[in-house]
Amino acid sequence: MFLFCIDSVVTDLNLQQEHNFILTEMDNRFTTSFCLPPVYYVGLNNFPYLSRRKIEVDTRTVIRTPQRDDGSMTISGDCADDVVNARRTVQSIVAEIRNKQPAAQFISIPVNSEEVQRNFQQFKDAILSAGPIEGVEDSVFQSPLKLHLTICVFVLLSPSEKEEAVKALNDCKTEVLDTFLSSETPLKVHVAGIDCMNDNHSKVNVLYANAKIVQDNNEEVLQKLANAISDYFYNRGKYV
């Protein structure tokens, strides 16, 4: 099946949907293009053991990076599979570079329950009144009004990436969230227990509470919801 566009043809619709990017054919050449923040172009040129030239040779493609920071990378070749493989390789390298950057954005579910907020305040008061604890003071506690369930985190390094993430979030609501939240009754959140993000307790920066959403039939849906959102953003190339 072919969709006709100006000066080009979007070819192999199934291939496009499977890999979630547009592959075009013109003059018997297949091409895909996409924008990246400048840090990734630098990283691609300096990535150990897998240079841009090696990717071109291995996949029989031509990879062009922009001369300006706001340009697009273009991958072209005589075979659609070669172009797909080259883009997959580039995306794998980008993912490795992205994973080394500090996370700056995240998706969360706000905890608006007065009961949870009240119990958190009681927990805070109990800790602070129990006697001096090194490193523990009022300022290390989150405001009860800002309590949330973190679903996934991101490294969005350019305005265009942030715009794409906002669009993906709106699409995710329609395609994922509405299915989970179709029930008329609110989801019940059970919060119990404290854990940390570091095995060395002497170097802990963040403490968090364990939480799960439990339905009346005891079906836990929080992990399913988190996985569905994470998978959706991963497929859109935005998840860390």
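**Reading rings, salt bridges and a surface patch**

Modeller: Buried means under 20% relative accessible area, exposed means over 50%, and partly exposed lies in between (1.4 Å probe, protein chains only). This is a predicted model, in which local features need pLDDT of at least 70 and side-chain atom pairs count only at pLDDT 80 or more, while totals for chains, interfaces and linings use all residues. Residues are numbered from 1 along each chain as its sequence is written, and side-chain values use heavy atoms, with hydrogens and water left out.

Colleague: Thanks! How many aromatic pairs are there?

Modeller: First, the general idea: a pair of aromatic rings is described by the distance of the centres and the angle of the planes. Rings of Phe, Tyr and Trp (its six-membered ring) pair if their centres lie within 6.5 Å; planes under 30 degrees apart are stacked, over 60 edge-to-face, and the rest tilted. By this rule there are three aromatic pairs. For Tyr232 and Phe233, the ring centres are 6.1 Å apart and the planes stand at 70 degrees, so this pair is edge-to-face.

Colleague: Which residues form the aromatic cluster?

Modeller: Phe154, Tyr232 and Phe233 form one cluster.

Colleague: Now the charges: how many salt bridges does the structure hold?

Modeller: A salt bridge is a side-chain nitrogen of Lys or Arg within 4 Å of a carboxyl oxygen of Asp or Glu. The structure holds eight. In one of them, Arg29 meets Asp78 at 2.8 Å, N to O. Arg29 lies in strand β4 (residues 29-35) and Asp78 in the loop between β6 (72-77) and α4 (80-99), so the pair ties together parts 49 residues apart in sequence. Helices (H or I, at least four residues) and strands (E, at least two) are DSSP runs, numbered from the N terminus.

Colleague: Is Asp78 buried or exposed?

Modeller: Asp78 is exposed, at 55% relative accessibility, while Arg29 is partly exposed, at 29%. Glu161 and Arg98 also form a salt bridge, with their closest N and O atoms 3.1 Å apart. That pair links helix α6 (residues 159-180) to helix α4, 63 residues apart. Glu161 is buried, at 4%, and Arg98 is buried, at 6%.

Colleague: Which residues form the nonpolar patch on the surface?

Modeller: Patches are made of residues with over 30% relative accessible area and no salt bridge, joining like charges within 9 Å and nonpolar side chains (Val, Leu, Ile, Met, Phe, Trp, Tyr) within 5 Å. Here Leu128, Ile133, Val136 and Val140 form one, with about 290 Å² of accessible area together. Such areas come from the Shrake-Rupley method with a 1.4 Å probe; for residues, only the protein chains shown count as cover. Ile133 is partly exposed, at 43%.
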